[in-house]
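Could we walk through this model together, one question at a time? Here it is.

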Amino acid sequence: MFAKTTLSVLAFGIVLIGLLQYFSSGEYLVFVSGMVLYFMVAISDSICKLMNK
């Protein structure tokens, strides 16, 4: 549980940095990477439950 929280906070930080970078230079790769990481952390519990069945 602690690892999932840590990864969520890390992904949120990456999203914030990506937004700042997007507004200053127009590049959105860091923002998208953060969103993908957050999405993967959010659904990882469901994936693990499905694989254990």
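The questions below concern a predicted model.

Reader: How far apart are the end C-alpha atoms of helix H1?
Author: Helix H1 covers residues 2-25, which makes 24 residues. At 1.5 Å a residue, the helix should span 34 Å. The model agrees with that expectation, as the end C-alpha atoms are separated by 34 Å.

Reader: Thanks! Which residues of H1 are buried?
Author: Burial here calls for under 20% relative accessible area. In H1, the residues in that class are Ala11, Val15 and Gly18.

Reader: Is Phe23 buried or exposed?
Author: Phe23 sits in helix H1. A residue is classed as exposed when its relative accessible area is over 50%. Phe23 has 66%, so it is exposed.

Reader: Which helix gives the most to the nonpolar surface patch?
Author: The patch consists of Tyr22, Phe23, Tyr28, Val32, Val36, Phe39 and Met40, with about 760 Å² of accessible area together. H1 and helix H2 (29-52) each supply at least two of its residues. With four residues, the top contributor is H2.

Reader: And which residues does Leu7 touch, leaving out those up to four places away in sequence?
Author: Leu7 belongs to helix H1, and at 38% relative accessibility it counts as partly exposed. Leu29 is 22 residues from Leu7 in sequence, with 18 Å between their C-alpha atoms. The contacts of Leu7, with that exclusion, are Leu37 and Val41.

Conventions:
Residues numbered from 1 in each chain as written. Predicted model: local features only at pLDDT ≥ 70, side-chain atom pairs only at ≥ 80, totals over all residues. Heavy atoms only, no water. Expected span 1.5 Å × (residues − 1). Buried < 20%, exposed > 50% of the residue type's maximum accessible area, 1.4 Å probe, protein only. Patch = residues over 30% accessible without salt bridge, like charges linked within 9 Å, V, L, I, M, F, W, Y side chains within 5 Å. Areas by Shrake-Rupley, 256 points an atom, 1.4 Å probe, with all protein chains shown as cover. Salt bridge = Lys/Arg side-chain N within 4 Å of Asp/Glu carboxyl O. Contact = heavy atoms within 4.5 Å.
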